[in-house]
Amino acid sequence: MTNAAVVILAGTESHADTGRLVNGLETAKEFAQTEGDEVELIFDGAGTQWIPELEDPKNDYHELYQAVREETSVCDFCAGAFGVSNAVADAGVVTLDDHDGHPSIRSLVDDDYEIITF
């Protein structure tokens, strides 16, 4: 049994960022589909910009995102800083703000989560 927090930090600016997104989504999906594993998929920093993109059914990675949608959350502060708060709220994605408006990585470590960043 493994607890994993997959954190997407990559924005939407480059092919390298898209690669990080896809690798992060695939990693989260693998944990989500493995019996006994727990996964949290967190969009943080510039990564919050992906939510409106991935919510669009026409997006190339929409289906992959849907496979891990229930495990997805977003940094509340960063969603505001990157101008996607309304899109996140409209999508009904959970926001995290337990550490000064940000997700608490410390709490995840305390709960024995491995932190994997993309």
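Two strands pair if DSSP finds at least two bridges between them. Helices (H or I, at least four residues) and strands (E, at least two) are DSSP runs, numbered from the N terminus. This model is predicted: local features need pLDDT of at least 70, side-chain atom pairs count only at pLDDT 80 or more, and totals for chains, interfaces and linings use all residues. Residues are numbered from 1 along each chain as its sequence is written, and side-chain values use heavy atoms, with hydrogens and water left out.

**Sheet**
- Five strands form an open sheet with parallel pairing, in the order β4-β3-β2-β1-β5.
- At the edges are β4 (94–96) and β5 (113–117), each of which pairs on one side only.
- Strand β3 (residues 72–75) runs parallel to β4 and is joined to β4 by three bridges.
- Val 74 has Thr 95 in β4 as its bridge partner.

**Nonpolar cores**
- A nonpolar core is a set of buried (under 20% relative accessible area, 1.4 Å probe, protein chains only) Ala, Val, Leu, Ile, Met, Phe, Trp, Tyr and Cys residues joined through side-chain atoms within 4.5 Å.
- The largest nonpolar core has 23 residues, and Leu 25, Leu 41, Phe 43 and Ile 51 have the most contacts inside it.
- Helix α1 gives the largest share of this core, five residues.
- Another core, of five residues, lies apart from it and includes Ala 5, Val 7, Ile 42 and Tyr 113.

**Contacts of Phe 43**
- Contact means heavy atoms within 4.5 Å.
- Leaving aside neighbours within four places in sequence, Phe 43 is in contact with residues including Leu 21, Leu 25, Ile 51 and Val 74.

Technical notes: Buried < 20%, exposed > 50% of the residue type's maximum accessible area, 1.4 Å probe, protein only.
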